[in-house]
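Let's take a walk through this fold, one piece at a time. Have the viewer open and follow along.

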Amino acid sequence: MADLNLNQIHKSFGALEIIKGIDLDIQSGEFVVFVGPSGCGKSTLLRMIAGLEDVSSGTLTIDGKDVTHAEPSERGIAMVFQSYALYPHMTVAENIGFGLSLAKRPKAEIAAKVQAAADTLQLTHLLERKPKALSGGQRQRVAIGRAIVRDPKVFLFDEPLSNLDASLRAQMRLELSELHARLKTTMVYVTHDQVEAMTMADRIVVLNGGRVEQVGTPMELYNHPATPFVAGFIGSPK
Ligand code: ADP
Ligand code: MG
């Protein structure tokens, strides 16, 4: 678990400013959802938190420690992508354990952690399969398993369910909420899907054009949208 603080985070690509000064305090154990239209900078923001993209200016702290320029591996963060990014030639077990193998963890520890993650994600019977023999939902569970075994302080999710069909998305929403309840880890979840935001978030951050439009609980945003943009995106129809 970790507190995550964003302080005047800016990001430009060349002359184009994409993220325009974001301030945010995320509490330890919170499930925070960044929601906003395609192109508003959600992935860029998440990638900066993960250390996969340089911050142009501003500071980022985790548990009070300045990690603005820290290596990704030093941040205690694990990220789950929309595209799963599984290794096709490896089994489910090898995919889940890959990061630990790279880090040269003892084999017994890797096996135990892979087993525990597989139990959590209902993948135990699939450990020897290759990704191509899995459904979309199972592949996404493997990607989540790969994050879990690293015991991150913070999980980042970038539209992890958008490649799944509607009924599977609904099921995975529940599973991710249960996972959060069990692990109590800080989770930052990016989506353009209002339903995901409304059903999963402790707090929602509405982004628009690289700025925060409003931060609040789902009910606060639904009942008291601060701007017409928030109302149109999330608020009650009036
Ligand atoms: P979202 O995830 O909300 O759809 P992104 O963070 O992917 O938005 O992108 C925000 C904006 O930044 C888009 O206009 C995108 O084209 C631009 N962008 C993202 N990455 C780069 C890059 N590496 N170079 C230039 N522009 C980029
Ligand atoms: Mg994106």
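How many bridges join strand β9 to β10, and do they run parallel or antiparallel? Strand β9 (residues 203-208) is joined to β10 by 5 bridges, and the two run antiparallel. Bear in mind while you look that this is a predicted model.

Helix α2 (residues 92-102) packs with helix α4 (residues 136-148) at an angle of about 35°, and their axes are 7 Å apart. The crossing in which α2 passes α4 is right-handed. On the α2 side, Val-92, Asn-95, Ile-96, Phe-98 and Gly-99 take part, and they meet Val-142, Gly-145 and Arg-146 in α4. Sorted by class, the residues of this contact come out as 4 nonpolar, 3 polar and 1 charged.

Helix α2 has another packing partner to look at, helix α3 (residues 107-120): here the angle is about 135° and the axes are 9 Å apart. That angle is why α2 counts as oblique to α3. Once again α2 makes a right-handed crossing, this time as it passes α3. Ala-93, Ile-96, Gly-97, Leu-100 and Ser-101 of α2 meet Ile-110, Lys-113, Val-114, Ala-117 and Ala-118 of α3. The class count for this contact of α2 with α3 is 7 nonpolar, 2 polar and 1 charged. Notice that Ile-96 turns up in the contact with α4 and in the one with α3.

Next, find the other sheet. This open sheet has 4 strands in the order β2-β1-β4-β5, with antiparallel pairing. Why is one side of β2 and of β5 left without a neighbour in the sheet? Both β2 (16-26) and β5 (65-66) stand at the edges with a single partner strand each, so one side of each has no neighbour there. Strand β4 (residues 57-62) is linked to β5 by 2 bridges, and these strands run antiparallel. Within that pair, Thr-61 has Asp-66 in β5 as its bridge partner. Helix α1 (residues 42-50) packs on this sheet, where it touches β1 (4-13), β2 and β4, and its direction makes about 60° with that of β2.

Helix α1 also brings us to the ligand. Which element gives the largest share of the shell around ligand 1? It's α1, with 3 residues. The surrounding residues are Phe-13, Ile-18, Gly-36, Ser-38, Gly-39, Cys-40, Gly-41, Lys-42, Ser-43 and Thr-44. By class, the shell around ligand 1 divides into 3 nonpolar, 6 polar and 1 charged.

Conventions: Residues are numbered from 1 along each chain as its sequence is written. Chains are lettered from A and ligands numbered from 1 in the order in which they are written. This is a predicted model: local features need pLDDT of at least 70, side-chain atom pairs count only at pLDDT 80 or more; totals for chains, interfaces and linings use all residues. Two strands pair if DSSP finds at least two bridges between them. Two residues are in contact if their C-beta atoms, placed from the backbone, lie within 7 Å. Axes are lines fitted to C-alpha atoms, for helices over the stretch in contact, and angles run from 0 to 180 degrees between N-to-C directions. A crossing is left-handed if the near helix is turned anticlockwise from the far one by less than a right angle, and right-handed if clockwise. Ala, Val, Leu, Ile, Met, Phe, Trp, Tyr, Cys and Pro count as nonpolar, Asp, Glu, Lys and Arg as charged, and the others, Gly among them, as polar. Angles under 35 degrees count as roughly parallel, over 145 as roughly antiparallel, 65 to 115 as roughly perpendicular and the rest as oblique. A residue is near a molecule or strand if its C-beta atom, placed from the backbone, lies within 6 Å of it.
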